[in-house]
Amino acid sequence: MEPDSTFATGSSGAAKTVDDDTGRRALMLIDLPNLSRVGDQLWQRYGTPDKLDNARRLAKLTAACAERIDAFPWRIVLEPGNLCNLHCKECPTHESDLPKGLLDPADIETYLQDLWPHLVQVNLFNWGEPVLNPRLPEIIEIIHRRDVGTQVHANMNRFPEALMGRVIDSGLDFLVASIDGVSETAYAGYRVGGSAKQSLENLERFVKLRDARGTSTPKIVWRFLCFPHTLDEIDQARRLAADIGVDDFALGEGFLDGRIWTSDGPKSYVDNPSEQPVPYCNDLFDFPVIHWDGTVLPCCYVADRRFIWGDLRQSSWMDIFNRAAFREARRLVAGDTSIECPCRGCFKIPKLVQLSVSGEAHEVAAPV
Ligand SMILES: C[S@@+](CC[C@H](N)C(=O)[O-])C[C@H]1O[C@@H](n2cnc3c(N)ncnc32)[C@H](O)[C@@H]1O
Ligand code: SF4
Ligand code: SF4
């Protein structure tokens, strides 16, 4: 799952004027690496010089593959829940042995107490359908009141109109509709149990409701995953997106059966590791995942209770993020091939490190 991959601006170092009514924000140089288009826009709205100082420090630690991270993340995943109405082919939601549930808005303060001053972007989705949490609007409101940006990705199959209205009014910045196909046949090639017609009708209803309010937020994006069975429908989907009136139509890389698909076909580095474009995984350093119950796992690719590496109901952010399990995984990414952890064999770490996949569990590390 690479939610922002197709939004990558590829631009860094461009001067941005950040102005709001209060004049509180100054001219900033957004020079963060791999800044997605969503991230870029959220920095315009929610960035401050202090947040940027911290983010730059974090970028340096990430680039150095530092074992200890003493800067705070400026973007996180906060899971609204891990329940879903669909059974997409690669999604671990239903097979995962992680406890099932929904984020209670009352817990957000506990989970994010150390992170608020540094946050710019909260992705309100992990594996699971965010709009199945009826309290999603309250969750967004709490984060919005803290002057932090939010983004939701949703399959849009089950989205009551009353909830749509409350989501639009909550201060959400981006609503990304995950709809991979126009025909039911193409759609069902990945989104098992869902309906293209239903999700497209809900997308159209959401656009109309937002426009009727005369507001330009949330920005509405139709994100279409590339799979071998969806490539033929990209042009049709793009035209339909314009008819529906979404703000953006984006292609996403689809992971299926051990291949990563782009609009040009499978990515070559799956077969030719030397062409791997990602130098190493940054998730362990700068893009953490907080589950609905406050537990912290290495990243969104890991959905296994053996790899719960911390719990924000019991420990502080810095304690969890610098425990032995995180530090060892970072050492693996930095090239220490002796380390056993779930990252071994992952496509996001240097191939040099992917010498063998032991399949053994790395026990939950005790706090240090
Ligand atoms: C796991 S989903 C959860 C949110 C919501 N249920 C949905 O499907 O959009 C988050 C993001 O992962 C993307 N995603 C799901 N399966 C994927 C796959 N096999 N390859 C790449 N991205 C995937 C979705 O399209 C969405 O953008
Ligand atoms: S809709 Fe999203 S969460 Fe649900 S099964 Fe599909 S990818 Fe997973
Ligand atoms: S290297 Fe580890 S943390 Fe990074 S994506 Fe892979 S499994 Fe997740």
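This is a predicted model: local features need pLDDT of at least 70, side-chain atom pairs count only at pLDDT 80 or more; totals for chains, interfaces and linings use all residues.
Trainee: Which residue in E9 stands opposite Gly254?

Mentor: Residues are numbered from 1 along each chain as its sequence is written, while chains are lettered from A and ligands numbered from 1 in the order in which they are written. Strands are DSSP runs of E with at least two residues, and helices are runs of H or I with at least four, both numbered from the N terminus. E8 (residues 248–256) and E9 (residues 259–262) run antiparallel with three bridges between them, and opposite Gly254 you find Trp261.

Trainee: And which residue in E10 stands opposite Trp261?

Mentor: Two strands count as paired if DSSP finds at least two bridges between them. E9 and E10 run antiparallel with two bridges, and two residues separate them in a hairpin. The residue across from Trp261 is Pro266.

Trainee: What positive phi does Asp257 have?

Mentor: Asp257 sits in the turn of the hairpin that E8 and E9 form. There are two residues between those strands, and the phi of Asp257 is about 50°.

Trainee: Which strands stand at the edges of the sheet, and why is one side of each without a neighbour?

Mentor: Eleven strands make an open sheet with mixed pairing, in the order E10-E9-E8-E7-E6-E5-E4-E3-E11-E12-E13. Each edge strand has a single partner strand, so one side of it has no neighbour in the sheet; the two are E10 (265–266) and E13 (310–311).

Trainee: What angle does the direction of H1 make with that of E5?

Mentor: Helix H1 (residues 37–46) packs on the sheet, where it touches E3, E4, E5 and E6. Axes here are lines fitted to C-alpha atoms, for helices over the stretch in contact, and angles run from 0 to 180 degrees between N-to-C directions. For H1 and E5 that comes to about 150°.

Trainee: Is Ala303 buried or exposed?

Mentor: Ala303 is in the loop between E12 and E13. A residue is buried with 20 or more other C-beta atoms within 10 Å of its own, exposed with 12 or fewer, and partly exposed in between, with C-beta atoms placed from the backbone. Ala303 has 21 such neighbours, so it counts as buried.

Trainee: How many charged residues are in the shell around ligand 2?

Mentor: A residue belongs there if its C-beta atom, placed from the backbone, lies within 6 Å of the ligand. Ala, Val, Leu, Ile, Met, Phe, Trp, Tyr, Cys and Pro count as nonpolar, Asp, Glu, Lys and Arg as charged, and the others, Gly among them, as polar. The shell includes Cys84, His87, Trp127 and Glu129. With five nonpolar and four polar residues, its charged count is one.

Trainee: How many polar residues surround ligand 3?

Mentor: Among its surroundings are Cys281, Asp283, Cys299, Cys343, Cys346 and Lys348.

Trainee: What pLDDT does the protein chain average?

Mentor: Watch residues 352–368, where pLDDT stays under 50. Across the chain, 83% of the residues score at least 70, and the average is 86.

Definitions and conventions:
Two residues are in contact if their C-beta atoms, placed from the backbone, lie within 7 Å. pLDDT is the predictor's confidence in each residue, from 0 to 100.
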